[in-house]
Amino acid sequence: MPIQWQALQKKVAIVMRNGWQPEKGAAGEDLAKMVAASRLALPEDYLSFLRVSNGGQGPLPVEPFWLVLDSADTVIDTLADGTFTQFFPSFLVIGSNGAGEGVAFDFRSGGDAGVVCFDMTNADLAESIRPLAASFTGLLALAGVTGA
């Protein structure tokens, strides 16, 4: 499904007003490297957002209460390290809460990837994984918002 660029720009503007601390947008080459390294069909809304804010951070109204979105380069480095791939093979880590919780796309269903958070020290998926949003756009709707 193609991303409606104007709709995404509006969401980005709302996130920025709500306390999101953006980074400079990613270059196309960096995104291409990340897509190649992941070997997964990354959501277009995520890639489009990285073009505007290649990482950043801000509050969330739900656990883990803070989102630190990794840059494309950091995602590439995380993939190269292989630790998360070994213990969480159907997940693509895209950030954290800045402490012990990871934020990732969950590709276990084989369809559209939802966004989850997980305890980075607990490889037991039944105990560790908690859904955050059905999509990256859903995560954006939460980003920068405080209080439940």
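Here is a friendly conversation about a predicted model of one protein.

Colleague: What should I know before reading the numbers?
Modeller: This is a predicted model, where local features need pLDDT of at least 70 and side-chain atom pairs count only at pLDDT 80 or more, while totals for chains, interfaces and linings use all residues. Residues are numbered from 1 along each chain as its sequence is written, and side-chain values use heavy atoms, with hydrogens and water left out.

Colleague: How many helices and strands are in the protein?
Modeller: Helices (H or I, at least four residues) and strands (E, at least two) are DSSP runs, numbered from the N terminus. Along the sequence they follow the pattern α-β-α-α-β-β-α-α-β-β-β-α-β-α. The protein has seven helices and seven strands.

Colleague: At what angle do the axes of α2 and α3 cross?
Modeller: Axes are lines fitted to C-alpha atoms, for helices over the stretch in contact, and angles run from 0 to 180 degrees between N-to-C directions. Helix α2 covers residues 28-38 and helix α3 covers residues 44-52. Their axes come within 10 Å and cross at roughly 145°.

Colleague: Which residues of α3 does α2 meet?
Modeller: Contact means heavy atoms within 4.5 Å. From α2, the residues taking part are Leu31, Met34 and Val35. The residues of this contact divide into six nonpolar, no polar and one charged (Ala, Val, Leu, Ile, Met, Phe, Trp, Tyr, Cys and Pro count as nonpolar, Asp, Glu, Lys and Arg as charged, and the others, Gly among them, as polar). On the α3 side are Tyr46, Leu47, Leu50 and Arg51.

Colleague: Which residues touch the most other members of the largest nonpolar core?
Modeller: A nonpolar core is a set of buried Ala, Val, Leu, Ile, Met, Phe, Trp, Tyr and Cys residues joined through side-chain atoms within 4.5 Å. Buried means under 20% relative accessible area, exposed over 50%, and partly exposed in between (1.4 Å probe, protein chains only). The largest core holds 31 residues, and those touching the most other members are Met34, Tyr46, Phe105 and Phe136.

Colleague: Which residues is Phe136 in contact with, leaving aside its neighbours within four places in sequence?
Modeller: Phe136 is one of the residues that touch the most other members of the largest nonpolar core. With those sequence neighbours left aside, its contacts are Asp45, Tyr46, Phe49, Leu69, Ile94, Phe105 and Val115.

Colleague: Is Ala26 buried or exposed?
Modeller: Ala26 sits in the loop between β1 (21-22) and α2. Leaving aside neighbours within four places in sequence, Ala26 is in contact with Leu31, Leu50, Arg51 and Asn54. Because its relative accessible area is 12%, Ala26 counts as buried.

Colleague: Is Arg39 buried or exposed?
Modeller: Arg39 is in the loop between α2 and α3. Its phi is near 60°, a positive value in a residue other than glycine. With a relative accessible area of 77%, Arg39 is exposed.

Colleague: What is the peptide bond from Glu63 to Pro64?
Modeller: Pro64 belongs to the loop between β2 (56-59) and β3 (66-69). Phe65 lies in the loop between β2 and β3 too, and has a positive phi of about 70° although it is not a glycine. With omega near 20°, the bond from Glu63 to Pro64 is cis.

Colleague: Which residue's backbone nitrogen does the side chain of Asn122 reach?
Modeller: Asn122 lies in the loop between β6 (114-119) and α6 (125-128). Its side chain reaches, at 2.9 Å, the backbone nitrogen of Asp124.

Note on methods: A polar contact is a pair of N or O atoms within 3.5 Å; within protein, one must be able to donate a hydrogen and the other to accept it, and residues adjacent in sequence count only if both atoms are side-chain atoms.
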